[in-house]
Amino acid sequence: MYFIIDESLQAVSRKEIQNTDKQYVAVIASDEWKKNCDSFEMGIDIELFSSEIYITKAEVNYDSLTGSFSIPNRNDFSLSDFKFNFALDEKGIVFIDDSGKVMEIINSIQSTKKWKLPSLERFIYDFLDQIVIDDQRLMEKYESELDLIEKNILEESEKFPTGRLNEIRNDIRVLRIHYEQLMDLGQELEENENNFFKQENLRYFKLFLNRMARLHDNSTSLRDYTMQLRDLYKAHIDIKQNRIMTVLTVVTTIFMPLTLIVGWYGMNFRFMPELKWKWGYPVVITISVLIVSGSLWFFKKKKWL
């Protein structure tokens, strides 16, 4: 697919982008790029395959700027990233994509954007913006989940989703790395080493970098929040275990004198006078009750119970 950058993206044929002074956007498959890369006159002598893409980056060449995108799947971060390459110069930008992600983004731009001052820089800004357009809402969703987890911890609820907390932390880690890569790409564009972009339009890249910085800060805060929740949960587990140990210690302490009495009178010596004393049994019961009652009163006074 080929587009002219006008007030909006206008779909055109391949010949039309070669016969116009307006900047263009091209979206082609890797096979087509290998066959026709020379026709774009970018002087690129490299092979761009999505299978070789690992990160989002940009590289400045002598008469072009090339790079790649690796975009995490926001619906399920465990799935493979959307991967595609790009190459641009002052005339336009070419996306080499076999995943279909680029056309999804461009269709969204076509349906939502109209430009008073159309330019390649403005298109790139809107393209990058579409990549992270719902991320602020995603951050808010994660924050709400973490707030609920914190509430469950403080209420000592048994419903503590340890697995979900780990998933959120991993998702946020992926997003943080993605934002860092997008910031590097944005800085490379803003540098404008080959003077492909107009100076007055570099502000678009500055706006994008500011947005990435905010999202990166939010992801860092959420990462710290997940770590605090993990520590809070461990602290509550320790407190709960300490309570259990306290109860067990108190019970053991209460029954130690009773155990001594049982052991003492369980020796069955022949000349133990208490064994034949008619009040021996009631006295032992009374002493045992007094020991238990006294121990409980003492522990409550010391606030150990």
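Buried means under 20% relative accessible area. I kept that cut-off at hand while browsing this predicted model.

**Entry: a phenylalanine pair.** I started with Phe 95, which has 1% relative accessibility and therefore counts as buried. Phe 84 is buried too, with a relative accessible area of 0%. I then looked up how their rings meet: the centres are 6.1 Å apart and the planes stand at 75°, so I noted the pair as edge-to-face. Phe 84 belongs to strand 6 (residues 82-89) and Phe 95 to strand 7 (residues 92-97), and the two are 11 residues apart.

**Entry: a second pair.** Next I checked Phe 197 and Phe 205, whose ring centres are 5.0 Å apart with planes at 65°, so this pair is edge-to-face. Phe 197 is buried at a relative accessible area of 6%, and Phe 205 is buried at 1%.

**Entry: the wider search.** How many aromatic pairs does a search of the whole structure find? I got 10. Ring pairs also link Phe 69, Phe 84, Phe 86, Phe 95, Phe 123 and Phe 127 into a cluster.

**Entry: charges over rings.** I found Lys 101 over the face of Phe 82, at 4.7 Å from the ring centre. Arg 203 lies over the face of Tyr 204, at 4.5 Å from the ring centre.

**Entry: two helices.** I finished with helix 6 (residues 162-191) and helix 7 (residues 203-265), which pack at about 160° with axes 9 Å apart. That angle makes helix 6 roughly antiparallel to helix 7. Their crossing is left-handed. In their contact I noted 16 nonpolar, seven polar and seven charged residues.

Definitions and conventions: Residues numbered from 1 in each chain as written. Predicted model: local features only at pLDDT ≥ 70, side-chain atom pairs only at ≥ 80, totals over all residues. Heavy atoms only, no water. Axes fitted to C-alpha atoms, helices over the stretch in contact; angles between N-to-C directions. Helix = DSSP H or I, 4+ residues; strand = E, 2+ residues; numbered from the N terminus. Parallel < 35°, antiparallel > 145°, perpendicular 65-115°, else oblique. Left-handed = near helix turned anticlockwise from the far one by under 90°. Nonpolar A, V, L, I, M, F, W, Y, C, P; charged D, E, K, R; others polar. Phe/Tyr/Trp six-rings, centres within 6.5 Å; stacked < 30°, edge-to-face > 60°. Buried < 20%, exposed > 50% of the residue type's maximum accessible area, 1.4 Å probe, protein only. Lys NZ or Arg CZ within 6 Å of the ring centre and 35° of its normal.
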